[in-house]
Structure formats: C-alpha cells, structure tokens
Amino acid sequence: MPPRPAPSLHGPARSPRSPRASRLPRVTRLLAAGASCAALAALAACGSGGPDHRTDEALASRAPAQRPEQVAADALPGMPPVLDPKDVYAADRANRLSPAVAHFPSRVYVPNTNSNTVTVIDPKTYKVIETIPVGRQPQHVVPSWDLKTLWVNNDLGNSLTPIDPRTGKAGRPVDVHDPYNLYFTPDGKYAVVMASKDRRLVFRDAHTMKVVKSVPVACGGVNHADFSPNGRYFIVSCEFSGELLKVDTAAMKVVAHQKLDVHGAMPQDVKISPDGRKFYIADMVADGLWILDGDTFAKPAFLHTGKGAHGLYVSRDSRVMYVSNRGEGTVSVFDFAKDKLTAKWRLPHGGSPDMGGVSADGKVLWLSGRYNSEVYAIDTRTGRQLARIKVGSGPHGLAVYPQPGRYSLGHTGVFR
C-alpha cells in the first residue's frame, strides 16, 4: 500500500492533468445537455443521465416530505429525534447554543499540519491568542458528539490530542492509529476514524476510543462523510481513488461503492441537503460538486463551481451552502431552493481557502488558507474579506467553536 504523498497536504493545490475539456468528457456532455433546462434539478429530465438516473431524480422531486413520526420510526436507535424532517439543520440556527457549550469562549482553532501546532484565534479581535503544540501532522480539529471535547487529529503522530473548549487547555494525547479524520455516529456510541493510509474505517468507543470494529475498504484515501437524515447510513469520499462508499451505520459495513466518472477524480468534503434528499461531494480535480441521491446511490450529477472545490458549509438559515474553491481563491454560494449557484466571492490577492466553519451567529465564514499559512474571515452577507490572519504552516481542518447544534457528527463541525 503506497503511503500518502507528503507534499500533497490532502491533495495538490493545482492539478498537473490535462485541461478540463479532456478530463471531464461525461461531465461536459452532461452539463451541455442540461444547459437547456431551467435548473440543475432538471438535468435528468433533459436526457443526459440515462433512464434509471432520470427516474430516480423524478421520483425524488415528487417525493413527499416524511412526517416526524415516520422519521422517528426509521431512525437509528438512540439517535436524538429529528427536529424538522424538512431540515436536518434545524437545530443549527444562529446563536442557538446547547446549554453544554453556552458558556464556552468563542474561539477559532487552526491545526497547522507542517508546524505540528494548533493556532487559537479570538474571532472578536482577529488576533492569535495562543499556539498549542500537538502531535505530528494535525489534520482536523473535531468537536466530540457530546460537544465537550475538541479532538485534534494527529495523523502521522497516531494520536488524538483533547482540548477542553472551556479552558482552551490541551490534555494527554490518546493513542489512535492514522486518525486522518474523525466522525461520530448519530447515536453517540461510536467514533469513526477515517484511517486514510490504513484503508480502513475504524469504529471506536466514542469516549474511550477503544477499537470496536475495523472495517477494511477497497478504495484509497477515505476522507470525509455525512449521514442520512435517519442516521441509518453515511456516504464517504475516497480522495485518492475517486470513489464513494455507502456504509450501514448499525452494521458497520460498506454496502455499496461507485467510481466517479471523471479521470483522476478527487472527492473531498461531503454535506447532505437540508431536506435530506441529496448529498453534495466537492471534487478538487473535477472542480465542482457531485450531487448524489444517497438512498438509490445512482450515478451522481455534476455542477461546476471553481478550481479545486474543497470544503462545504451550510448557512445558519439552511438557505445556502458555501463552497471553498481552493485552487482559485474563491468561494461559491449555492442556493438550495433555487438549485443553482448565485454568487462567487474572490479573496483579494488570492489565497487557498480550504476547511473551516460558520460563526455561531452566521455572519462570518472562517476558512484556513492551506498553502498560504493564513486564515480568512469572510462576511457571509457580502462576501467581503474581514480579516486575513497569519498562522502556522499548512493550516487545514479549522474549527469554529462553539457552534449551534445538539450534538456533533464530527469533522470540523457537522451538527444536528
């Protein structure tokens, strides 16, 4: 098994591959055919996705929203009831902090992969207030399911460093092999370690981090994920082999996988739509979003956003999603109701916007600048850059904390 290339830092900033026209033949045809449609949702009806794909899209568009009792009946046992079956992010409204975190100081935690540190920023002043030494190659700062701990994923250090968000102090590292990324099952029982180098999904006790089940996968670079509304399954991106996995949460088993239809595809962040009908997967080689029906797991449609599409973040009102285009220094704004892009914000003097999160009040999007040793604060109303803050080398999975929500599904802050 070849190791992850050290210089890539979670994928290259610029692809050395041939121009998009030569490496995206099917996507180009799909988008060209879809150009005559009124919106992206109509792509399947225009005859570009094949008969099965059209049928899936048409059925999904006509499917009635589930009643709350239906969602509860189908839910993963032990998962907190869905607040609103029409919006999985209903608990994430602006400033709706859980009592468990209501008194935590507001901070931005930035893992610097090359410096082996976490930079702590005060979001009110945009000033660095502390630098915390951690293990080797920290990739993401991940809120625990119960919201009480921030876990720093020291990938090459084979450990997790806990940070107490009440005090900002780091605790004793916990031995965990290859913790490239970290998620939690919706019932709060298990942590799911994305062991990218090891080609495994490792289910661990959410509190002790002891291994419960280690699941080998037949793809390269397990990376990001998000869960279905009922928590019964989750979709995983495999960045080095250009594949997607569907995993049964309770069975801890891969139940389906597919290869993305682009040469050299490199899928990254995964987010579900507010209504729970679609998964969006950023792809930094295809330069846009794959749009997947998670239930059918049929071949996804595609939407171009910008070079190096990487991180996905939903607004506090669930109306739009921010897409960081790392390869061109921009952020695209996708409107869920309109099913299309409505804006593109450019960072002054460029940059490499990567991972991050939205402030508790919803007014600021925070993103790490992966190849520029900096962090960006962006006004979500205007797209204007509010601050550009120097940090350590290779800043990656930045976490804004605390954030609204009842519990965390992991990554840099996926809350329900």
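Me: What do β1 and β2 form, and how many residues are between them?

Reply: β1 and β2 form a hairpin, with 4 residues between the two strands. This is a predicted model, and in it N116, in that turn, has a positive phi of about 60 degrees.

Me: How do you know that β1 and β2 pair?

Reply: Pairing takes at least two bridges, and β1 and β2 have 5, running in the antiparallel sense. One place to look is P111, which stands opposite V118 in β2.

Me: Which strand is on the other end of the next hairpin from β2?

Reply: That's β3: the hairpin of β2 and β3 has 4 residues between the strands, and Y126 takes a positive phi near 65 degrees there. β2 and β3 (residues 127-133) pair in the antiparallel sense over 6 bridges, and at least two are needed for a pair. T117 stands opposite P133 in β3.

Me: Why is β2 described as largely enclosed?

Reply: Because 6 of the 6 residues of β2 (residues 117-122) are buried, the strand is largely enclosed by the rest of the structure. Both of its faces are covered: T117, T119 and I121 are buried on one side, and V118, V120 and D122 on the other.

Me: What makes P105 partly exposed rather than buried?

Reply: Buried means under 20% relative accessible area and exposed means over 50%. P105 has 26%, so it counts as partly exposed. You'll find P105 in the loop between α4 (68-74) and β1 (107-112).

Me: Which residues does P105 contact, leaving aside neighbours within four places in sequence?

Reply: P105 is in contact with P165, R166, Y401 and P402. As for D122, 17 residues away along the chain, its C-alpha atom is 8.9 Å from that of P105.

Me: What does the C219 and C238 pair tie together?

Reply: C219 lies in the loop between β12 and β13 (222-227), and C238 lies in strand β14 (residues 233-238), so the pair ties together parts that are 19 residues apart in sequence. Both ends are buried by the under-20% rule: C219 has a relative accessible area of 1%, and C238 has 0%.

Me: How do you know that the side chains of E374 and R388 make a polar contact?

Reply: Their polar contact is 3.0 Å, and the cut-off is within 3.5 Å. The E374 side chain also makes a polar contact with the side chain of Y376, at 2.6 Å. E374 is in strand β27 (residues 374-379) and is buried, with a relative accessible area of 5%.

Me: Where is G357, and is it buried or exposed?

Reply: G357 is in strand β25 (residues 353-358) and counts as buried at 3% relative accessibility. Among the residues it touches are Y313, W366 and V400.

Me: What is the pLDDT over residues 1-65?

Reply: It is below 50 there, whereas the mean for the protein chain is 87, with 82% of residues reaching 70 or more. Where pLDDT is low, the predicted coordinates should not be read in detail.

Notes:
Residues numbered from 1 in each chain as written. Predicted model: local features only at pLDDT ≥ 70, side-chain atom pairs only at ≥ 80, totals over all residues. Heavy atoms only, no water. Buried < 20%, exposed > 50% of the residue type's maximum accessible area, 1.4 Å probe, protein only. Contact = heavy atoms within 4.5 Å. pLDDT = per-residue confidence, 0-100. Polar contact = N/O pair within 3.5 Å; in protein donor to acceptor, adjacent residues only side chain to side chain.
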